[in-house]
Amino acid sequence: MPIDTREELRTLGYSLLPADRFPIDPEFRRFEERLAGEWDRLEVDKYLKNGSRFRERRYDRFRYDPRTGEIRLRPHRPYFQSGHVNDYAGGIERDVAPLSHDTLDNPLLTALLRADFAQFPVPEEWLDDPWDVQCHQFRIISTEDELGEPTPEGPHRDEVDFGAIHLMNRVNAAGGESQVYSESKELITEFCLSERMDTMFWADQKVLHAVRPITAVRPGTRAVRDVLILGYKRSPGLPIEV
């Protein structure tokens, strides 16, 4: 039975799509391995507390025009979240490394930008507006010395309209369950993205989200969890920047 992602986002605020049911042209699936390899080229997050090194990342933004399907890379700028949605690292401009040229040139990334948007319950009149799309690459690492925390800020919003989390890799990792919370921070559900391209969608105005820490299945070795996160915000008047 097909999964009605739009209806689930409309009514529940979240939707889970297993990798084998993700609606994308199979032609693009052959680029998965190449894209996943880019997570070996991320940089340590400089804004973790107490000198922690459990998270690596890269980040950029795109302008997406739904009517034409046009995607434009926006000029690279620091990442910012307000302090009221992220009390761990919000309220400051974070100078995050940009996406690599190989990541930007990967056909799968472009296909995902369009395919994810197609899953959202977007009103017809919103299709005439440009959308600002945040693109985040995250690697979470757990070692004997340091717990891997995907969301040290806890249940939160991303200050977007809709978002998608794609699992790109998971090695020697236990835990890391994706969690969905009500606005009062009551846990609604949780599930584990375990296969490459398992995907969670969420409606950011309806629910909060978080991820449990990861630990190593084999003690004494490191655990890794890689995800691609795309956050979409309707942005009327967004300029075309060069």
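1. Some ground rules before the details: a polar contact here is a pair of N or O atoms within 3.5 Å; within protein, one must be able to donate a hydrogen and the other to accept it, and residues adjacent in sequence count only if both atoms are side-chain atoms. This is a predicted model, with local features needing pLDDT of at least 70 and side-chain atom pairs counted only at pLDDT 80 or more, while totals for chains, interfaces and linings use all residues. Residues are numbered from 1 along each chain as its sequence is written, and side-chain values use heavy atoms, with hydrogens and water left out.

2. Let's start with α5. Helices (H or I, at least four residues) and strands (E, at least two) are DSSP runs, numbered from the N terminus. Asparagine 106 caps the N-terminal end of α5, with a side-chain oxygen 2.9 Å from the backbone nitrogen of leucine 108. Eight of the eleven residues in α5 are buried, so the helix is largely enclosed by the rest of the structure. Buried means under 20% relative accessible area, exposed over 50%, and partly exposed in between (1.4 Å probe, protein chains only). The buried ones are Leu108, Leu109, Ala111, Leu112, Leu113, Ala115, Asp116 and Phe117.

3. Next, the core. The term covers buried Ala, Val, Leu, Ile, Met, Phe, Trp, Tyr and Cys residues joined through side-chain atoms within 4.5 Å. The largest nonpolar core has 35 residues, and Phe22, Leu112, Phe117, Phe120, Leu228, Leu230 and Tyr232 have the most contacts inside it. Elements that each supply at least two of its residues include α3 (32-36), α5 (107-117), β7 (131-142) and β15 (223-234). The top contributor is α5, with seven residues. Apart from this core lies another, of twelve residues, including Tyr14, Val180, Trp202 and Ile229.

4. What does leucine 230 touch, leaving aside neighbours within four places in sequence? Taking contact as heavy atoms within 4.5 Å, the list is Leu112, Leu113, Asp116, Val133, Gln134, Cys135, Phe162, Gly163, Ala164 and His166. Cysteine 135 from that list is buried, at 0% relative accessible area.

5. On to the rings. Rings of Phe, Tyr and Trp (its six-membered ring) pair if their centres lie within 6.5 Å; planes under 30 degrees apart count as stacked, over 60 as edge-to-face and the rest as tilted. That rule gives ten aromatic pairs. Phenylalanine 117 and tryptophan 131 sit edge-to-face, 5.0 Å centre to centre with 80 degrees between the planes. Their pair links distant parts of the chain, helix α5 and strand β7, 14 residues apart. Tryptophan 126 and tryptophan 131 have ring centres 6.0 Å apart and planes at 55 degrees, so this pair is tilted. Tryptophan 126 is partly exposed at 23%, whereas tryptophan 131 is buried at 0%. Both belong to one aromatic cluster, which also includes Phe22, Tyr64 and Phe201.

6. Glutamate 38 is worth a look. Its place is in the loop between α3 and β2 (43-44), and at 7% relative accessibility it counts as buried. Beyond its neighbours within four places in sequence, glutamate 38 is in contact with Ser100, Asp102, Thr103 and Gln137. A polar contact of 3.2 Å joins its side chain to that of threonine 103.

7. Finally, a loop proline. Proline 219 is in the loop between β14 (214-216) and β15 and is exposed, with a relative accessible area of 76%. Its C-alpha is 7.5 Å from that of glutamate 144, though the two are 75 residues apart in sequence.
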